[in-house]
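Let's walk through this structure together, moving from the arrangement of the chains down to individual residue pairs. Keep the viewer open as you read.

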Amino acid sequence: MPAARPIITFTTDFGLADAYVAEMKASVLRHCPEATLVDITHQISPQDVLAGSIALERAVSAFMGGTIHVAVVDPGVGTDRKLLVAHVHGQTVLAPDNGLITWAYRRLNPISTHELLWRPTEETSKTFHGRDILAPVAGLIGAGKGDLVPTRRLDRPVLLDVDIARSLDEAQVIHIDHFGNLTTNVPEELLTSETYVREIGKVRGTYSDVETGEPVVLVGSSGLLEIAVRNQHAATQLDLAVGSKVFFRS
Amino acid sequence: MPAARPIITFTTDFGLADAYVAEMKASVLRHCPEATLVDITHQISPQDVLAGSIALERAVSAFMGGTIHVAVVDPGVGTDRKLLVAHVHGQTVLAPDNGLITWAYRRLNPISTHELLWRPTEETSKTFHGRDILAPVAGLIGAGKGDLVPTRRLDRPVLLDVDIARSLDEAQVIHIDHFGNLTTNVPEELLTSETYVREIGKVRGTYSDVETGEPVVLVGSSGLLEIAVRNQHAATQLDLAVGSKVFFRS
Amino acid sequence: MPAARPIITFTTDFGLADAYVAEMKASVLRHCPEATLVDITHQISPQDVLAGSIALERAVSAFMGGTIHVAVVDPGVGTDRKLLVAHVHGQTVLAPDNGLITWAYRRLNPISTHELLWRPTEETSKTFHGRDILAPVAGLIGAGKGDLVPTRRLDRPVLLDVDIARSLDEAQVIHIDHFGNLTTNVPEELLTSETYVREIGKVRGTYSDVETGEPVVLVGSSGLLEIAVRNQHAATQLDLAVGSKVFFRS
């Protein structure tokens with residue numbers, strides 16, 4: 001039985017200046033008028049699949065069983081790239097099979113993946129599968145009609161190279177947030193009370209454990225090592241970018 | 001009988017930094033607490049009625065019968081410009097009568113237009129009719145109380161000069177989207193497999209029919225001729241702007 | 001008895017590029033799946049408590065009894081700053097006790113304030129109390145379980161220095177909106193038909209009472225004296241900023 005008001009989320013690189021996001025929402029509501037619609041973000045940089053992947057993992061981690069996530073960062077629309085259905089934490093993810101699932105695949109377990117075979121009966125644009133395929137499928141699933149959506153197993157979805165650090169040697173910056181804070185790929189489990197990030201310091205509890213303008217490392221709200229500068233923009237202050245290596249001192 | 005959960009959409013040039021959009025939503029929810037609220041966009045450039053008009057047409061094309069659209073790009077607020085109620089595709093549009101209805105009027109048929117005569121009983125601001133008149137009316141209509149809203153026929157709404165091209169000689173750029181893709185006023189019906197845009201090429205099916213960085217023309221997701229550069233920002237690459245003529249080669 | 005569909009609003013400096021806002025919404029929906037979620041703004045400049053305070057007051061003024069507002073501009077997260085519950089106009093405000101309540105406190109009466117003592121049973125991040133404390137509490141209150149949320153009286157919440165002008169001598173700019181219009185702290189009640197702002201003119205009714213490009217003073221949609229330039233960006237044209245004094249001529 002479907003939820004009384006299923007939650008359907010949206011993660012895209014569409015920006016907010018055009019009607020594209022709303023067109024997807026209309027496609028969802030057409031099939032599932034009771035849905036609660038939640039925007040994750042639409043400000044992924046155009047075609048930045050890694051950033052989209054990280055936002056999508058955050059969405060799955062935050063939401064509850066039954067939630068349906070539509071993610072569209074899709075530079076390959078119109079090519080033969082597949083469309084993906086993933087099941088993880090009792091939730092469903094719909095996305096192009098281009099690596100968008102990477103960060104959820106790395107961090108969340110178990111996750112199963114299928115190829116989405118559903119195509120609408122009416123004519124479909126060749127440039128907007130988010131509106132014409134993924135959103136209607138989200139609406140159908142939300143309305144409890146997921147059995148109308150044919151899929152087949154896809155054991156090896158496309159994944160980006162980025163991965164969770166298995167040792168501090170593999171540490172790198174994977175995301176810069178709105179405040180300029182830097183998320184790394186280092187999970188909390190790799191840290192001890194002695195872990196020391198070179199040129200910054202030991203792992204602290206929160207931003208205010210240092211003075212304003214001072215750099216600080218801590219476990220961020222996503223459970224990963226984060227580098228910040230208190231009340232300032234760390235990426236700018238420390239001249240770090242996505243892909244920058246993070247060095248530790250023993 | 002009104003829909004159980006009527007959809008009410010918002011298209012404005014208010015931006016997202018202030019509470020203005022939320023103030024309009026409060027005015028809707030006061031009359032229609034069950035409404036599903038959908039943002040089309042609030043990032044129309046200040047007072048860009050043409051861009052608002054195109055977003056509004058996209059909204060009407062995407063949504064279903066019963067949907068109510070509130071559009072506010074209103075440089076003439078406080079003057080004697082009229083307020084408009086339009087009926088199209090079983091949907092209702094509420095907007096200032098300043099040309100915002102233009103692109104829906106040109107592309108969608110049949111459309112009927114009335115002047116909105118409703119004024120609230122409480123005092124109304126002279127600077128925010130979106131919040132004080134249009135949004136409450138949307139809420140009343142959503143709540144099935146549209147008969148409380150007096151109107152009178154308005155056969156000639158204000159329209160902008162821009163129109164659908166009736167021949168390729170009239171082709172021009174009417175919109176640049178978030179990705180830099182250029183929408184023209186050329187409908188699919190004017191195109192043949194031989195149509196060739198000067199300095200770009202023949203009409204293709206999708207972006208990936210050319211190499212990354214190459215320009216391409218295709219029928220966009222709105223059914224109009226679109227000019228793009230694969231995975232790049234066409235407006236910048238090709239130095240085209242809204243109003244630029246598009247030239248064809250026979 | 002809680003509302004069938006309680007309205008819960010969000011005012012933050014999180015921006016829209018990350019999943020943070022959605023993470024808060026998930027925390028609300030977990031406790032209150034029927035909530036209607038409304039964004040006030042997420043584009044408060046990072047750590048600009050005054051701007052957040054003004055947006056929050058606008059939200060309370062616009063919404064109806066029963067609405068719950070979550071506001072997070074929280075440079076002191078992780079310090080011993082308190083968390084606040086305010087009751088005003090039959091609505092509930094949840095925010096850090098760092099001055100965010102200031103403008104609602106100054107303008108709206110009566111308002112009562114309490115310290116929020118609720119902490120979740122599961123582990124809480126030290127950097128994201130909006131998601132881990134304020135949003136779940138909003139969800140609990142929305143679901144009619146406010147009695148699970150312990151509080152104690154807090155008679156003197158932290159307030160910023162800014163206040164409503166009690167005379168024209170105290171007039172200053174407190175906010176610049178998306179259009180560049182300047183909101184002052186001067187309430188309508190201080191104005192007469194003879195009030196004259198130096199270098200601008202008498203108080204008018206609306207923007208169109210002057211020519212395009214001309215400055216104008218009027219009572220804005222928030223009931224405060226506003227300085228605008230018709231169809232232009234007043235803050236830039238007049239070189240005024242938040243904190244600028246406004247001078248009058250007798």
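The paragraphs below take up the symmetry, then the interfaces, then a helix, and last the sheets.

Please bear in mind throughout that this is a predicted model. In general, two copies of a chain are related by a rotation about an axis and a shift along it.

Now to the surfaces through which the chains meet. Which residues does each copy bring to the contact? Only 7% of the interface residues of chain A are interface residues in chain B as well, so the copies meet through different surfaces. For chain C and chain A the picture is again one of different surfaces, with 7% of the contact residues of chain C recurring in chain A.

The size of an interface is often given as the accessible area lost when the parts come together. Between chain A and chain B, about 2,500 Å² is buried, and 55% of it is on carbon and sulfur atoms. Three residues, L16(A), D18(A) and T127(A), supply 19% of the area that chain A buries against chain B, more than any other three residues. The contact draws on 29 residues from chain A and 29 residues from chain B. How many salt bridges are there between chain A and chain B? The count is 1, and its partners are the side chains of R58(B) and E23(A), with an N to O distance of 3.6 Å.

Turning to chain C and chain A, about 2,500 Å² is buried between them, with 54% of it on carbon and sulfur atoms. Here 29 residues of chain C touch 29 residues of chain A. This pair of chains has a count of 1 salt bridge, in which the side chains of R58(A) and E23(C) meet at 3.6 Å, N to O.

In chain A, helix α1 covers residues 20-31, and E23(A) is among its buried residues. From its first C-alpha to its last, this 12-residue helix reaches 18 Å, close to the 16 Å expected at 1.5 Å a residue. Is α1(A) mostly covered or mostly uncovered? It is mostly covered, with 10 of its 12 residues buried; including Y20(A), M24(A) and L29(A). In chain C, 10 of the 12 residues of α1(C) are buried, so this helix is largely enclosed by the rest of the structure. E23(C) is one of those buried residues.

Finally, let's look at the sheets. In chain A, an open sheet of 7 strands has mixed pairing and the order β8-β9-β13-β12-β11-β10-β14. Strands β8 (173-176) and β14 (248-249) of chain A stand at the edges with a single partner strand each, so one side of each has no neighbour in the sheet. Within this sheet, β10 (residues 196-197) and β11 (residues 201-204) of chain A pair antiparallel over 2 bridges, and V197(A) stands opposite G201(A).

Chain B has an open sheet of 7 strands with the order β8-β9-β13-β12-β11-β10-β14 and mixed pairing. Its strand β12(B) is mostly covered, 4 of its 5 residues being buried. On one hand, β12(B) runs parallel to β11 (residues 201-204) of chain B, joined by 2 bridges; on the other, β12 (residues 215-219) runs antiparallel to β13 (residues 224-229) of chain B, joined by 5 bridges. Follow V217(B) to see both pairings: V217(B) is the bridge partner of V203(B), and I227(B) is the bridge partner of V217(B) in β13(B). Further along, V219(B) stands opposite L225(B). In the hairpin of β12(B) and β13(B), 4 residues lie between the strands, and G223(B) takes a positive phi near 80 degrees.

How values were computed:
Residues are numbered from 1 along each chain as its sequence is written. Chains are lettered from A and ligands numbered from 1 in the order in which they are written. This is a predicted model: local features need pLDDT of at least 70, side-chain atom pairs count only at pLDDT 80 or more; totals for chains, interfaces and linings use all residues. Side-chain values use heavy atoms; hydrogens and water are left out. Contact means heavy atoms within 4.5 Å. Two strands pair if DSSP finds at least two bridges between them. Buried means under 20% relative accessible area, exposed over 50%, partly exposed in between (1.4 Å probe, protein chains only). Buried area is the accessible area (1.4 Å probe) that two parts lose on being put together, summed over both. A salt bridge is a side-chain nitrogen of Lys or Arg within 4 Å of a carboxyl oxygen of Asp or Glu. The expected span of a helix is 1.5 Å times one less than its number of residues.
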